Amino acid sequence: MFARRTHHNESFGKHYNSSFDKHRAGKATSSKQKRSFREAAAAVKKVDRLKKPDHNSPPSGSILTSPIITICVGPEKRLFAAHEDVLSHSSFFAAICRGQFLETATKRVSLPEELPEIFSSVLEYLYKGDYYPRLLHNKRRNTWELEETESNGRDNAESTVFHQGAGQVLLKDTMLYCAADRYGLDDLKRLALRKQGLQSGIQCCTILASARYAYANTPDNDSKLRAHYLALIIRSRSTFKRSGTMQMEMEKGGMMFFDLFVAICNHM
């Protein structure tokens, strides 16, 4: 297993942990030493920004009066509702709202391949600039931490989502990164990647399945999420070496293991 750690304000490649956490609506804990990400980002200028200020964001009155779009998600057709101006922060949804893919009579969008759990977090990010569990800044330690959840220190039920199509449990933050890539939300990609380095206690089989999912759902030129997994496997190679799942995954082959071979050669 991999120990939980705080994430210091340094570059990628040095401080990625092997852990991850799952979304669910809830209240944040707060203290004098911890502030929400959006509050702390203005004060800590040296920290990489996860959400750039959007000067084109409409005023609150405009958001509240913009048309409501209904989004039908997943094979079970779970319904979500969001303001058009909020959805339009995503280039994907902005194009849909302007184009012919929107059912004009009902203002409905269908996303049959998306998972409701993932889309719920995407909407939370679009409205709040973060998703549960939030990223908090510990002012005293000058580190980034995830807010406390009911599963912190006990289990990892909050960090994974069962993907019916893949037939496997996958890491939620990885799936959010891939969704953000589809929807044109680069800041959400950075946020999801940052949060992945703050999780702990994930099984090898889940990490490897999620890495394969990442390779299948990101472009070949992706230099962040794929590199994250390669660095994680190399750093924890003694654990993965003992994993029977690692052997089975390597027998399946794929681009991931060629990239891993190259990364190991460069690491030596």
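Predicted model: local features only at pLDDT ≥ 70, side-chain atom pairs only at ≥ 80, totals over all residues.

Tutor: Helices and strands here are DSSP runs, numbered from the N terminus, where a helix (H or I) has at least four residues and a strand (E) at least two. Residues are numbered from 1 along each chain as its sequence is written, and side-chain values use heavy atoms, with hydrogens and water left out.

Serine 66 is buried, with a relative accessible area of 9%, where buried means under 20% relative accessible area, exposed means over 50%, and partly exposed lies in between (1.4 Å probe, protein chains only).

Now to the salt bridges, each of which is a side-chain nitrogen of Lys or Arg within 4 Å of a carboxyl oxygen of Asp or Glu. The structure holds eight salt bridges, and one of them joins the side chains of lysine 195 and aspartate 130 at 2.8 Å, N to O. Lysine 195 lies in helix α7 (residues 186-196) and aspartate 130 in the loop between α5 (116-128) and β5 (135-138), so this pair ties together parts that are 65 residues apart in sequence. Lysine 195 is buried, with a relative accessible area of 1%, and aspartate 130 also counts as buried, at 5% relative accessibility.

Another salt bridge joins the side chains of aspartate 187 and arginine 190 at 2.3 Å, N to O. Because aspartate 187 and arginine 190 are three residues apart in helix α7, about one helical turn separates them. Aspartate 187 is buried, with a relative accessible area of 15%, whereas arginine 190 counts as partly exposed at 34%.

In helix α11 (residues 244-252) we find lysine 252 and glutamate 249, three residues apart, or about one turn of the helix. Their side chains meet in a salt bridge at 3.6 Å, N to O, although lysine 252 counts as exposed, at 58% relative accessibility, and glutamate 249 is buried, with a relative accessible area of 5%.
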